[in-house]
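Q: Here is a structure to look through. Can we go through what the terms mean as they come up?

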Amino acid sequence: MPDNPPFYFLNVYKPEGITSFDVIYRLRKILNIKKIGHSGTLDPMADGVMQIAVGNASRLLEYLDSTKEYRAEIVFGFMSTTLDREGEITKLEKPLFSLEELKNTISLFTGEITQIPPVYSAIKVNGKRLYEIARKNPETNITAPERKVTVYETELIDFKDHKAQIRVKCSKGTYIRTLCDDIAKKLNTRAYLSKLTRTRAGNFYIKDSIKIEQADISKAIDPKSAINLPEIKLNENEYNRAKNGAIIEYNSDLNNETVMLTYMDKLVSIGILSDNKVKIKKFFNNAGI
């Protein structure tokens, strides 16, 4: 391994029609780097932001802000086997709810809510992914266990001809297609997700994203600006101690808190701060230090 392996993030826009793995595959070719990861899959029908970790930045993926924002289009009065436009769609009776009822219902889906992931999802049940079971045995009634997710904000952007555009700010693991169908059920109908765009992932926004083919070192995002953790600035002696895995003394009211350690304005380590001591959890060899 080189002394200074790649250590940066990219804010990449995934277009519709390709998988998240396709994005990684293309980036490996373009950057000529094998070690590339991402913070969350987007279905082929969805487009939007992907947080891409290059080289050793992959070791920081778990510390990225997991907040996501989406813009979704819901079509009411139809039912889909996959809860989105990719499934087998059945037309139902014309929905009979008002704009005000729609607004009020959407507002109910904020805070901590319970979801049952869709049958066609990557959730594992008994060691197998649900979508694999569903494709092999469509008649199987297997379902994923309920899960708690958090929806921070919902907003109705537009509503016309039984199609609604909504904005959703939520925690990692929230299924937007399930959310859309659950909203419809409250309105005594069903719905499917016809379009989905991830407009934000943590500190990465779609307005700042780049196309896959634009990826290069000039578009690199410093890991320090990619994650939201309390910062502890090290002097040269403390940096050398951290490099050797030694405990760093640091007076603070924080307890059992994950922190980032920086030296010369570069993120060099992740540690756990407790009882005025920082225990080194991960250390990174950074270019230029």
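A: Start with pairing: two strands pair if DSSP finds at least two bridges between them. Keep in mind that this is a predicted model.

Q: Which residue in β17 is the bridge partner of Thr258?
A: The partner of Thr258 is Ile272.

Q: What makes β16 and β17 a pair of strands?
A: Pairing needs at least two bridges. β16 and β17 have seven, in the antiparallel sense. They therefore count as paired. They also form a hairpin, with two residues between the strands. Met264 sits in that turn and has a positive phi of about 55°.

Q: How do you know that β14 and β16 pair as well?
A: The cut-off is at least two bridges. β14 and β16 have three, in the parallel sense. Here Glu231 stands opposite Met260 of β16.

Q: Why is β16 called largely enclosed?
A: Five of its seven residues are buried, so the rest of the structure largely encloses β16.

Q: Why is Tyr192 called buried?
A: Buried means under 20% relative accessible area. Tyr192 has 12%, so it is buried.

Q: What makes Phe78 partly exposed?
A: Partly exposed runs between the buried limit of 20% and the exposed limit of 50%. Phe78 has 24%, so it belongs there.

Q: Why are Phe78 and Tyr192 called an edge-to-face pair?
A: Ring centres must lie within 6.5 Å, and planes over 60 degrees apart count as edge-to-face. For Phe78 and Tyr192 the centres are 6.0 Å apart and the planes make 80°. Phe78 lies in β5 and Tyr192 in β12, so the pair ties together parts that are 114 residues apart in sequence.

Q: How many aromatic pairs does the structure hold?
A: It holds eight. Ring pairs also link Phe76, Phe97 and Phe159 into a cluster.

Q: How do you know that the buried residues of α6 line one face?
A: The buried residues of α6 are Glu238, Tyr239 and Ala242. Seen down the axis of α6, they fall within an arc of 105°, so they line one face. The face turned away carries the exposed residues Glu236 and Asn237. What covers the buried residues of α6 includes β14, β16 and β17.

Q: What makes Asn235 a cap for α6?
A: A side-chain oxygen of Asn235 lies 3.2 Å from the backbone nitrogen of Asn237. A polar contact needs N or O atoms within 3.5 Å. The distance is therefore inside the limit. Asn235 caps the N-terminal end.

How values were computed. Residues numbered from 1 in each chain as written. Predicted model: local features only at pLDDT ≥ 70, side-chain atom pairs only at ≥ 80, totals over all residues. Heavy atoms only, no water. Phe/Tyr/Trp six-rings, centres within 6.5 Å; stacked < 30°, edge-to-face > 60°. Helix = DSSP H or I, 4+ residues; strand = E, 2+ residues; numbered from the N terminus. Buried < 20%, exposed > 50% of the residue type's maximum accessible area, 1.4 Å probe, protein only. Arc of directions from axis to C-beta. Contact = heavy atoms within 4.5 Å. Polar contact = N/O pair within 3.5 Å; in protein donor to acceptor, adjacent residues only side chain to side chain.
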